[in-house]
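Trainee: I'd like a close look at one part of this model before I set anything up. Could you walk me through it?

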Amino acid sequence: MADNGPKIIAALDFPDSEQAFRLVERLSPERCRLKVGKELFVRGGPRLVEQLAADGYDVFLDLKFHDIPNTVARACEAAADLGVWMVNLHALGGRRMMEAAREALDKRQRRPLLIGVTILTSMGSEDLKEIQLPEDPEANVLHLARLAQRAGLDGVVCSPKEVAGLRREIAGEFRRVTPGIRPAWAATDDQKRITTPSDAIRLGSDYLVIGRPITAASDPLEALRKIEEELGV
Ligand SMILES: O=C(O)c1cc(=O)[nH]c(=O)n1[C@@H]1O[C@H](COP(=O)(O)O)[C@@H](O)[C@H]1O
């Protein structure tokens with residue numbers, strides 16, 4: 001369901017704006033989209049997000065909102081004011097929370113894509129058992145994705161491992177945004193449900209969120225180039 005733009009979303013998980021901009025100034029909006037998550041947002045603030053958007057980048061503001069419906073709806077409006085392309089919330093916040101966010105964004109002329117995080121890609125069966133959720137990650141992802149679609153969301157974040165099931169079960173225009181991407185040459189880190197970039201595309205991911213394989217590489221641009229080569233772009 002992705003548009004024709006780049007499928008790679010580079011996660012700018014840097015401790016400060018300077019480091020983020022050092023990489024960004026060597027990229028281009030035609031090459032990748034950018035994700036600003038909690039670490040960089042808390043350090044760099046909304047102005048950094050506005051700057052990236054003004055530079056022509058599609059910005060995914062990844063703050064994973066999870067709160068009462070009113071709070072999340074207002075936070076989504078604030079995100080939209082920054083001119084971001086995509087914003088996310090935790091589907092585990094429930095249907096009413098997701099609906100409130102969608103309704104708030106619907107009042108606007110132009111709105112970001114609203115995406116629900118299902119089960120974090122860092123979680124495996126043991127982690128789910130501990131919090132008394134069904135142990136099968138895919139069953140949880142499918143359930144939460146159906147709920148998200150009914151609440152009017154534009155898609156979900158999940159691992160590429162669950163994408164094939166989502167394609168079978170959920171019809172229509174529903175984006176599948178997948179972190180948990182690890183080229184064969186990269187470390188797994190704290191991620192549990194992972195695939196390579198090419199497998200993620202083959203399985204049907206619309207967008208690949210990639211952080212440390214690029215940002216922690218000794219040569220981030222070379223790492224990105226190798227990923228593009230693997231994807232044939
Ligand atoms: O919403 C996200 O972007 C997200 C959801 C999820 O389930 N797992 C996940 O890793 N992410 C984010 O995707 C990025 C993955 O980074 P790396 O593991 O370094 O490639 C991080 O910025 C995470 O915050």
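Trainee: Is Asp189 buried, partly exposed or exposed, and how many C-beta neighbours does Asp189 have inside 10 Å?

Mentor: Keep in mind that this is a predicted model. Asp189 counts as partly exposed, because it has 13 C-beta neighbours inside 10 Å, and a residue would need 20 or more to be buried, or 12 or fewer to be exposed. The backbone there deserves a look too: phi of Asp189 is near 55 degrees, a positive value in a residue other than glycine. As for where to find it, Asp189 sits in the loop between strand E7 (175-178) and helix H8 (197-203).

Let's step back along the chain into E7, then. Arg176 belongs to that strand, and Arg176 is buried, with 25 other C-beta atoms within 10 Å. Leaving aside residues up to four places away in sequence, Arg176 touches Gly155, Val156, Cys158, Val163, Leu166, Gly204, Ser205 and Asp206. Gly94, by comparison, is 82 residues from Arg176 in sequence and 19 Å from it in space, going C-alpha to C-alpha.

Now for the partner strand. E7 is joined by two bridges to strand E8 (residues 207-210), and the two run parallel. Within that pair, Val177 stands opposite Tyr207 in E8. In general, strands of a sheet pair through backbone hydrogen bonds, either parallel or antiparallel.

The C-alpha trace spans about 45 × 35 × 35 Å along its principal axes, and 43% of the 233 residues count as buried. Among contacts with a separation of 6 or more, 69% come from residues 24 or more positions apart.

Gln132 lies in the loop between helix H5 (125-130) and helix H6 (137-150), and it is exposed, with 7 other C-beta atoms within 10 Å.

Technical notes
Residues are numbered from 1 along each chain as its sequence is written. This is a predicted model: local features need pLDDT of at least 70, side-chain atom pairs count only at pLDDT 80 or more; totals for chains, interfaces and linings use all residues. Two residues are in contact if their C-beta atoms, placed from the backbone, lie within 7 Å. Helices (H or I, at least four residues) and strands (E, at least two) are DSSP runs, numbered from the N terminus. Two strands pair if DSSP finds at least two bridges between them.
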